[in-house]
Amino acid sequence: MSMDWSRKWFETFKGVVREGVDLAPFSHMRVGGKAEVLLEPWSEEDAATAVRICREHGLPLLFLGGGSNLLVADEGVSAFVLHVGRWNRVVRDENRLIASAGASLPSLLRKARESGLGGLETLVGIPAQVGGAVHMNAGTRFGSTFDHLASVRIVDPEGGIRDLRTSDLEPSYRDGGLGDSLVTTATFVLEEESKETIRERFTEFLEWRNRRQPVTEKSLGCIFKNPDGESAGALIDRAGLKGERVGGIEVSTKHANFFVNKGGGTAAEVVRLIEKVRERVCKEFSIELELEIELWGFEGGRG
Ligand code: FAD
Ligand code: EPU
């Protein structure tokens with residue numbers, strides 16, 4: 001991998017420009033190779049500057065959040081990867097929480113609980129950043145990110161900073177409908193409730209998840225989207241694939257739509273296991289499973 005670019009182009013960019021950065025530590029599954037360049041902007045304006053520079057010079061640009069739904073090839077990704085993990089503020093304004101994109105969803109939920117603001121409990125246990133959760137419209141069968149989202153601030157693909165009302169967007173299953181825009185801030189409108197009630201619901205949803213999902217292991221959550229009216233996990237399970245393994249990567253014995261890194265696994269092994277599972281499910285049920293996770297640096301993927 002090697003892109004044709006010059007540091008001089010980034011003279012007006014305020015933030016960190018690092019070359020050859022290992023992305024495995026950013027990945028919830030702890031696999032994958034390097035980003036050719038990692039950009040960490042100080043501010044929203046600096047992120048907009050980065051977007052404009054990349055656009056002007058035709059440089060591929062990708063946004064990295066909590067790395068909980070991304071698989072980066074072992075060979076790395078030939079792109080500029082913009083990361084806003086340092087933007088981690090969550091501020092309360094009456095019944096609203098205004099969260100920077102790099103804040104973790106768990107920290108947003110903690111702030112909501114401590115503030116006596118209810119509604120986000122259904123998202124407990126999703127290890128995303130706020131920006132990634134908005135981009136993906138992360139959720140569960142009980143509720144999703146957009147349920148309480150009032151507005152978002154974005155940097156659009158042209159490098160313009162814009163405020164969007166959620167009512168103008170069309171979120172769907174695992175898609176916030178924001179396309180290639182960078183989410184910088186999200187404002188949630190919540191209900192004032194007793195802290196005790198919120199805590200109880202929080203515990204209830206957490207226990208539900210802990211019973212069903214391998215939450216303590218290194219995974220990317222569900223690998224495949226649920227096909228209409230079906231659960232991908234149930235199909236993989238019925239195909240007898242729980243515990244199926246390629247190298248260090250295993251189909252979880254707890255929830256079959258989670259692949260877990262048992263130690264020393266690689267991105268190539270994840271892809272081989274994906275192929276194996278897809279083939280078997282297709283053979284058994286004539287259903288083509290569609291990926292929920294995003295691939296970076298692979299043929300047909302991004303970067
Ligand atoms: P990343 O994985 O870093 O990126 C995912 C996508 O979001 C990429 O396209 C990326 O470019 C984009 N993105 C990231 N940040 C931004 C930004 N600031 N602006 C614009 N785009 C951005 N998902 C669910 O929906 N429901 C669940 O119940 C659930 N449970 C999970 C449980 C576990 C244990 C794990 C590991 C994952 C789970 N997931 C779940 C998957 C994952 O957490 C979600 O898809 C989440 O939305 C990904 O957010 P992230 O910040 O980690 O994004
Ligand atoms: N099931 C099995 N075997 C398995 C897994 C599930 O038989 O190995 C069965 C369950 O018993 C249940 C049905 O399949 O009858 C559905 O399972 P579950 O309730 O666990 O939900 P899911 O459809 O597998 C979805 C989301 C999860 C989300 C949960 C909770 C998708 C792809 N998955 O899982 O989201 O946490 O509902 O609402 O939509 C994610 O997107 O990464 C994710 C983890």
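Tutor: The domain assignment divides the protein into domain 1 (9-83), domain 2 (90-198) and domain 3 (216-296), the bounds being taken from an automatic or database domain assignment. The model is a predicted one, in which local features need pLDDT of at least 70, side-chain atom pairs count only at pLDDT 80 or more, and totals for chains, interfaces and linings use all residues. Residues are numbered from 1 along each chain as its sequence is written, chains are lettered from A and ligands numbered from 1 in the order in which they are written, and side-chain values use heavy atoms, with hydrogens and water left out.

The centres of domain 2 and domain 3, taken over C-alpha atoms, are 28 Å apart, and each of these two domains supplies at least three residues to the shell around ligand 2. There are 22 residues around ligand 2, of which Arg-141, Tyr-173, Cys-222, Asn-226 and Asp-237 come nearest; a residue is counted here if one of its heavy atoms lies within 4 Å of the molecule.

Turning to polar contacts (pairs of N or O atoms within 3.5 Å; within protein, one must be able to donate a hydrogen and the other to accept it, and residues adjacent in sequence count only if both atoms are side-chain atoms), a polar backbone atom of Arg-141 lies 2.7 Å from an oxygen atom of ligand 2. With Tyr-173 it is an N or O atom in the side chain that lies 2.7 Å from an oxygen atom of ligand 2, while a polar side-chain atom of Lys-242 is 3.4 Å from an oxygen atom of the ligand. Taken alone, ligand 2 exposes 830 Å², and the protein buries 78% of that, the accessible areas coming from the Shrake-Rupley method with a 1.4 Å probe, where for residues only the protein chains shown count as cover.

Two or more residues of the shell around ligand 2 come from helix 4 (195-212) and likewise from helix 5 (232-238); helices (H or I, at least four residues) and strands (E, at least two) are DSSP runs, numbered from the N terminus. By class, the shell around ligand 2 holds seven nonpolar, eight polar and seven charged residues, where Ala, Val, Leu, Ile, Met, Phe, Trp, Tyr, Cys and Pro count as nonpolar, Asp, Glu, Lys and Arg as charged, and the others, Gly among them, as polar. For ligand 1, the shell divides into 13 nonpolar, 16 polar and three charged residues.
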